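Visitor: I would like to go through this model with you. Could we bring it up first?
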Number of protein chains: 4
Amino acid sequence: MRPRTALQADIPTAPRKRDPMMTRDRVLRAGIVEFCRHGYIGARIDQIAKRAGCNMRMIYHYFGSKEKLYIAVLERVFGELRLEESRLHLGHLDPVTGVLRLVEFTMDHLGRHPEFVALLGNENLLRGKYLRKSQVVPRASAPLLEAIRDLLERGRREGVYARDVDALQLYVSILSLCYVHVSNRYTLSITFNRDITEPAWLDARRRHVQQLVLAYLCSSEPSARSPFSNAALARLT
Amino acid sequence: MRPRTALQADIPTAPRKRDPMMTRDRVLRAGIVEFCRHGYIGARIDQIAKRAGCNMRMIYHYFGSKEKLYIAVLERVFGELRLEESRLHLGHLDPVTGVLRLVEFTMDHLGRHPEFVALLGNENLLRGKYLRKSQVVPRASAPLLEAIRDLLERGRREGVYARDVDALQLYVSILSLCYVHVSNRYTLSITFNRDITEPAWLDARRRHVQQLVLAYLCSSEPSARSPFSNAALARLT
Amino acid sequence: MRPRTALQADIPTAPRKRDPMMTRDRVLRAGIVEFCRHGYIGARIDQIAKRAGCNMRMIYHYFGSKEKLYIAVLERVFGELRLEESRLHLGHLDPVTGVLRLVEFTMDHLGRHPEFVALLGNENLLRGKYLRKSQVVPRASAPLLEAIRDLLERGRREGVYARDVDALQLYVSILSLCYVHVSNRYTLSITFNRDITEPAWLDARRRHVQQLVLAYLCSSEPSARSPFSNAALARLT
Amino acid sequence: MRPRTALQADIPTAPRKRDPMMTRDRVLRAGIVEFCRHGYIGARIDQIAKRAGCNMRMIYHYFGSKEKLYIAVLERVFGELRLEESRLHLGHLDPVTGVLRLVEFTMDHLGRHPEFVALLGNENLLRGKYLRKSQVVPRASAPLLEAIRDLLERGRREGVYARDVDALQLYVSILSLCYVHVSNRYTLSITFNRDITEPAWLDARRRHVQQLVLAYLCSSEPSARSPFSNAALARLT
DNA sequence: GATGAATGAGTGTTCATTCAT
DNA sequence: AATGAATGAACACTCATTCAT
């Protein structure tokens, strides 16, 4: 059950006559595709207009400028992610299932939206210049962090999680493990001479990441009696 | 011992007279900065010239085109990474120390070169179009993978590593864990309302990542008797 | 009755407001002048824009590129020639009148459009690179050749023309005799130290060319009894 | 027996060491090729340098500027033509043979040097701007005209030529008839959909032109009793 | 005599944006 | 609401030419 999102180019081709909201929406979705594919600077508004099946002038009519359209795109795409995250209902799942579900969802979402990943990467190239201007996005991720914190706490109480883990560090790790093989799929495939976009490799990666995360959460910190204790581990403490 | 590299904007400002190799090098280093900061499309030739303290024409004299300069930049920056990796001498270290060393180095290198990370991100936005054209880069990463494979094998033989791990998966994970908080430091800082570039957070991250990796390598696969086994884990096997 | 054509620089200077076809036409006519005067490489887009009284950008709006504008210019100028030729109605004239009419028209047209001649010369310098790309021009000259063929045949039947002449050879000769004193008027005037653009000389030339062509068509091939037969003529047969 | 000229690209490839006159000559000959092929504006001095197997700086050393090199090229190429013309010794030939010889030579020379024709065309595009600056060329064609005048006069005296012909008009006609199918070979081939550079067509053309010229010279002016006299001829007188 | 480095003024072309209808 | 025309500021790249060795 993989929800479809606006990232696919499923913009209706027939330009409905005189349907303002429709046109606005078509422009926005065309913008998502264009900005994801070419970044902010690389995006061409005549291409967006063409893809939206409307006049370039319409884009200015509805969004005012390239920058404002771009910000609208950022908000839409982030909003979708946060919305879907909220639907995971992590608070209703047991700690292990919850973490695994989050990993699975994150990997699926990024895997299904490689161009959203590209958009993110581009926004970072711009040092967050536009995301910062958004009124909505910066406030939206608190619930997720709270849900993770809750999972970790419950896991500790139930004795299934052995460590005291920072929720943000954990989420950044989960995100990272699900992100780079998507964001850097081209350079990785080239430098390691291996197509890392093939389904078999991606399946292996999902298992690998879930085991990584769980092994960490469920094992205890290294100690003198730990089987993998040695001199090098001293540097970790 | 953290070697400084060309990524910092430490290009001598005084345009030495009639020093061809010097000029070429200054252009290359100015190109690294400009391409890292603005990506391929956003980079401006005249800005590179200005930063290199030379005439725009010189760039074409030495590199022929924006594209060729960009490829030279990619090769330089990748070459540096691979060179430093080779100096880790992973083959001379015991398995645990070796992995920790690799994690440490990767985190340091990416942390010290956030703009190299941006360059990578941009090259992926372009779908690897230019990296693919390089004659050097695609061939350079085999040694690293071989070194990791060797570490894992020795760890297994010595009984310190419990799992049969794919070297590429492991390296992609290490890279990921060291990469995203750099590549996405702006969007993460904004969405989580927390400055993740501050040294304290980065130190915590280093420990977190090293523990994550080691916990995974040293623990055994989940089994029926495992303390953290439960229904959810069935999906992992 | 000498129709004026676009070759003269009679482009209205006042930039009418919002008249797309007008603007397009003004660009085309400005292009004719600029390309004729400086050739393809020497022509400057900004000069064309200035002459057309519009923005450089408009040229790309209407024609797409310098090359496409140049091809449009070629097509316009050739089209004009072929159109006027078709209006001669050679088929309705008796053979002698027809040939004289064609000579007269060709000399007039080239004489009135020395810059079209320059344009032709330049296209040959480029080895026909652009004319070849035209969809229209290559097909347009068949009717003329057919009309000449008809004139020659009727002349033969009526006994007024003594020779069996190839229509293409004849037309190339007529064209040549009307062409070079225009195309090469500068070098000829310099090397022969004589202004060959003065009306008196041009009038003399017209008579000379008409007599040359008619003398050839009406006389019979040299034979043993021919008054101008001699040893040298042997080489002609 | 077709004399070779500098127009062929027979520039020795080995850059002789320290042979000033040699280098100068190589530059000049490379310039002929480049200017002929691309015209004045289109010619690239780095291409000339490369073809001459020397440094761009040498061109400025020997010729001072692109313009001066171009003028030197004009003088060389014109000088060659006039030199060869003088070797025809028209004064020693009987009138018919002389004219035929001149036609033959002109057709051969232009046919063998299509790129010289292009150079001429280009110089006319520039309105003779550079040829005018030459000290040598403008004065060199008087002997040829004198020789033609002598041929015509002798022909009249001997009774073989029936008309009183202007020498310049005749020469311009001969030149024209030998010139356009070379200068305009591309546009003619395209517009008439026929390859006019094939040997068979050129052979036919030579015969055609010689007959055309001789028919004119040897026939008398049209009169009332002339077989080809009709109403239309009235306009010729 | 000979060379490679260096330069400034263009050149065709592109782009986000505004005007007029 | 919607459109096509029009614009000015860049942009990558080129060229004849000069400088320094």
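Visitor: How many residues surround DNA strand E, and which are the closest?

Guide: DNA strand E is surrounded by 39 residues, and the closest are K66(A), N55(B), R57(B), K66(C) and R57(D). A residue is near a strand if its C-beta atom, placed from the backbone, lies within 6 Å of it. Please note that this is a predicted model, in which local features need pLDDT of at least 70, side-chain atom pairs count only at pLDDT 80 or more, and totals for chains, interfaces and linings use all residues. Residues are numbered from 1 along each chain as its sequence is written, while chains are lettered from A and ligands numbered from 1 in the order in which they are written.

Visitor: Turning to the proteins, how many residues of chain A are in contact with chain B?

Guide: On chain A, 63 residues are in contact with 63 residues of chain B, where contact places the two C-beta atoms, built from the backbone, within 7 Å. Several helices of chain A each supply at least two residues of that side, including helix 1 (20-42) and helix 10 (199-218). The side of chain A that touches chain B divides into 32 nonpolar, 22 polar and 9 charged residues.

Visitor: Now chain C. Is I148(C) buried or exposed?

Guide: I148(C) is buried because 21 other C-beta atoms lie within 10 Å; the cut-off for buried is 20 or more, with 12 or fewer for exposed and partly exposed in between, using C-beta atoms placed from the backbone. I148(C) belongs to helix 7 (residues 142-158) of chain C.

Visitor: What does I148(C) touch, leaving aside its neighbours within four places in sequence?

Guide: I148(C) is then in contact with A167(C), L170(C) and Y171(C).

Visitor: Where does helix 8 of chain C bend?

Guide: Helix 8 (residues 167-183) of chain C bends by about 30° at L177(C), the angle between axes fitted to the seven residues ending there and the seven starting there. Helix 8 of chain C is also mostly covered, with 15 of its 17 residues buried.

Conventions:
Helices (H or I, at least four residues) and strands (E, at least two) are DSSP runs, numbered from the N terminus. The expected span of a helix is 1.5 Å times one less than its number of residues. Ala, Val, Leu, Ile, Met, Phe, Trp, Tyr, Cys and Pro count as nonpolar, Asp, Glu, Lys and Arg as charged, and the others, Gly among them, as polar.
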